[in-house]
Structures are given as C-alpha cells and as structure tokens.
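We will go from the whole chain down to single residues.

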Amino acid sequence: MTVKTILYLICVPIVLWALDAVNINVIFKKNRYYQARLFYLILTLIISYLLVNFIIDFTNYTRLI
C-alpha cells in the first residue's frame with residue numbers, strides 16, 4: 001500500500017468522528033434522512049481528501065527546507 005492510501009485509511013475515520021459532533025440534520029427538511037446521510041458522506045470524503053493532500057504537501061515542503 002502507498003503512503004497516501006494509509007493516510008486515507010487513517011483520516012477518514014478521524015473526519016467521521018469529528019463531523020459526528022455537527023448536527024447537519026437541522027439544515028435539511030423533515031424526512032430527508034437519506035439526503036442528509038449522503039451529504040454527510042460526501043462532506044467526509046471531501047474533507048479527508050483535503051486533509052491527506054495537505055499532509056502530503058506539508059511533508060514534501062518541509063523536506064525541501
């Protein structure tokens with residue numbers, strides 16, 4: 001496995017745990033549970049992607065210094 005894959009496997013549960021503190025159901029209309037869950041999943045993947053890319057870029061940048 002590559003380093004990026006391992007970072008994804010570490011970051012996705014951390015982001016899920018962090019987003020669990022946010023009540024996103026108040027944003028959606030009543031009885032829109034599946035849309036809220038899909039939004040939650042997409043938001044988790046987006047934040048995980050950004051976090052992993054930040055970690056990779058940060059380590060590459062600090063290696064140059």
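Show the surface of the whole chain and colour it by element. This is a predicted model. The accessible surface comes to about 5,500 Å². Carbon and sulfur atoms account for 71% of that area.

Switch to cartoon. You will find 2 helices and 0 strands in the chain. The radius of gyration is 15 Å, well over the 11 Å that the globule rule gives for 65 residues, so the chain is more spread out than a compact globule. Now turn the model along its principal axes. The C-alpha atoms fill a box of roughly 50 × 25 × 15 Å.

How many of the 65 residues count as buried, as a percentage? The figure is 17%. Contacts in the chain tell another part of the story. Take those between residues at least 6 apart in sequence: 69% of them join residues at least 24 apart.

**Stop 1: helix α1**

Select residues 3-19, which make up helix α1. Its 17 residues should span 24 Å at 1.5 Å a residue, and the end C-alpha atoms are 24 Å apart, which agrees. Next, show side chains for Leu7, Cys11, Val15 and Leu19, which are buried. What covers them? The cover includes α2.

An α-helix has 3.6 residues a turn, so residues three or four places apart point the same way. Look down the helix axis with those four side chains on display: Leu7, Cys11, Val15 and Leu19.

Stay in α1 and click Pro13, which lies in this helix. Pro13 counts as partly exposed because its relative accessibility is 45%, between the cut-offs of 20% for buried and 50% for exposed.

**Stop 2: the loop**

Move to Asn31, in the loop between α1 and α2. Is Asn31 buried or exposed? Asn31 is exposed, with a relative accessible area of 80%. Check its backbone too. Phi of Asn31 is near 60°, a positive value in a residue other than glycine.

**Stop 3: helix α2**

Select residues 33-64 for helix α2. At 1.5 Å a residue, its 32 residues should span 46 Å; the end C-alpha atoms are 47 Å apart, which agrees.

Which residues of α2 are buried? Pick out Ala36, Tyr40, Thr44, Ser48, Val52 and Asn53. The buried residues of α2 pack against α1.

Zoom in on Ser48, which sits in helix α2. Ser48 is buried, because its relative accessible area is 1%, and the cut-off for buried is under 20%. Show what lies around this residue. Leaving out residues up to four places away in sequence, Ser48 touches Tyr8, Cys11, Val12 and Val15. Of these, Cys11 and Val15 are among the buried residues of α1.

**Stop 4: the nonpolar patch**

Bring the surface back. Select Leu38, Leu41, Ile42, Leu45, Ile46, Ile47, Tyr49 and Leu50. They form a nonpolar patch on the surface. Together they have about 740 Å² of accessible area.

End on one member of the patch, Ile46. Ile46 is found in helix α2. Why does Ile46 count as partly exposed? Its relative accessibility is 44%, which falls between the 20% and 50% cut-offs.

Conventions. Residues numbered from 1 in each chain as written. Predicted model: local features only at pLDDT ≥ 70, side-chain atom pairs only at ≥ 80, totals over all residues. Heavy atoms only, no water. Patch = residues over 30% accessible without salt bridge, like charges linked within 9 Å, V, L, I, M, F, W, Y side chains within 5 Å. Areas by Shrake-Rupley, 256 points an atom, 1.4 Å probe, with all protein chains shown as cover. Salt bridge = Lys/Arg side-chain N within 4 Å of Asp/Glu carboxyl O. Buried < 20%, exposed > 50% of the residue type's maximum accessible area, 1.4 Å probe, protein only. Rg over C-alpha atoms; globule rule 2.2 N^0.38 Å. Contact = heavy atoms within 4.5 Å. Expected span 1.5 Å × (residues − 1).
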